[in-house]
Amino acid sequence: MSLYFVGNLNILADKKLSPIDKLVYFCLVSFMNVKDGKCYPRYATIKERTGISIASIQRSIKHLAKQNLITVKRLASTNLYFLGNQKILQETIKKRVITQFEGRDTSQRGILIKPSYITNNNRYRGNVNNYKNRSTFSPPATDKQLLSYKGETFEQCGSEGHWHEFYSKKSGKHIRKHSFKNIIEEVQPSRKKFNAAAKKAVA
């Protein structure tokens, strides 16, 4: 069983799945072998980890298989579960991390296969920035990372969660970049936000 795993947000957002279905799915993910996407936990083991009755676990397994989220094969003393979509997700995240450590920021979104059970999930469509000139990390000349964006060079000045913040000495602008998604956002300094809010309040 893994100490941690990559959680698929599409599973949490899927209204076809009950809370028990989602808990059983993530329990299977925690047992999954990342190399082949397979796991072999018994019903009693899943019950011990989740606190769900075996009858409810069996119903959830059938429903997850019906939704094409898992493939189940009966063995002598347990089941073999194959989690194809989860395997693809974790391989993609791994490749994104490797490309960033090599100093590149090449998108691997083309590797992801949209799950067949997701048809109208537009959650992230508006957040992906498709720029004509895609930003790339410049080779770091110092310990701080440099980012070229819209003709300016930004120097990393901090991090918070999955976001890395950069600062331009030339224009004073702040931007932030997500660590594994191809998302860059301009950040308005707190003082400017305060002045803008105050001006709006007075008006």
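**Figure 1. Contacts and make-up of the whole chain.** Of the contacts (heavy atoms within 4.5 Å) between residues at least 6 apart in sequence, 46% join residues at least 24 apart. This is a predicted model, in which local features need pLDDT of at least 70 and side-chain atom pairs count only at pLDDT 80 or more, while totals for chains, interfaces and linings use all residues. Residues are numbered from 1 along each chain as its sequence is written, and side-chain values use heavy atoms, with hydrogens and water left out. Of its 203 residues, 33% are buried. Buried means under 20% relative accessible area, exposed means over 50%, and partly exposed is in between (1.4 Å probe, protein chains only). The accessible surface comes to about 13,600 Å², and carbon and sulfur atoms account for 53% of that surface. Accessible areas are from the Shrake-Rupley method with a 1.4 Å probe, and for residues only the protein chains shown count as cover.

Figure 2. H4 covers residues 54-66, which is 13 residues, and spans 18 Å from its first C-alpha to its last, close to the 18 Å expected at 1.5 Å a residue. The expected span is 1.5 Å times one less than the number of residues. Ser56, Ile57, Ser60, Ile61 and Leu64 are the buried residues of H4. Viewed down the axis of H4, these fall within an arc of 140 degrees, so they line one face of the helix. The arc is taken from the directions between the helix axis and the C-beta atoms. An α-helix has 3.6 residues a turn, so residues three or four places apart point the same way. The face of H4 turned away from the buried side carries the exposed residues Arg59, Lys62 and Lys66. The packing partners of the buried residues of H4 are helix H2 (19-31), helix H3 (43-50), strand E2 (71-74) and strand E3 (79-82).

**Figure 3. The sheet of E1, E3 and E2.** These 3 strands form an open sheet in the order E1-E3-E2, with antiparallel pairing. Strand E1 (38-39) and E2 are at the edges with a single partner strand each, so one side of each has no neighbour in the sheet. Two strands pair if DSSP finds at least two bridges between them. E1 and E3 are joined by 2 bridges, and E2 and E3 by 4. Cysteine 39 has tyrosine 81 of E3 as its bridge partner. In E3, leucine 80 is the partner of lysine 73, and asparagine 79 is the partner of arginine 74. A hairpin of 4 residues connects E2 to E3.

**Figure 4. Glutamine 86 in helix H5.** This residue belongs to H5 (residues 84-101). Glutamine 86 is buried, with a relative accessible area of 0%. Leaving out residues up to four places away in sequence, glutamine 86 touches Val6, Asn8, Tyr25, Val29 and Met32.

**Figure 5. Two loop residues with positive phi.** Most residues other than glycine have a negative phi. Asparagine 68, in the loop between H4 and E2, has a positive phi near 65 degrees. Lysine 150 has a positive phi near 50 degrees and lies in the loop between strand E5 (146-149) and strand E6 (152-160). Lysine 150 is exposed, at 59% relative accessibility.
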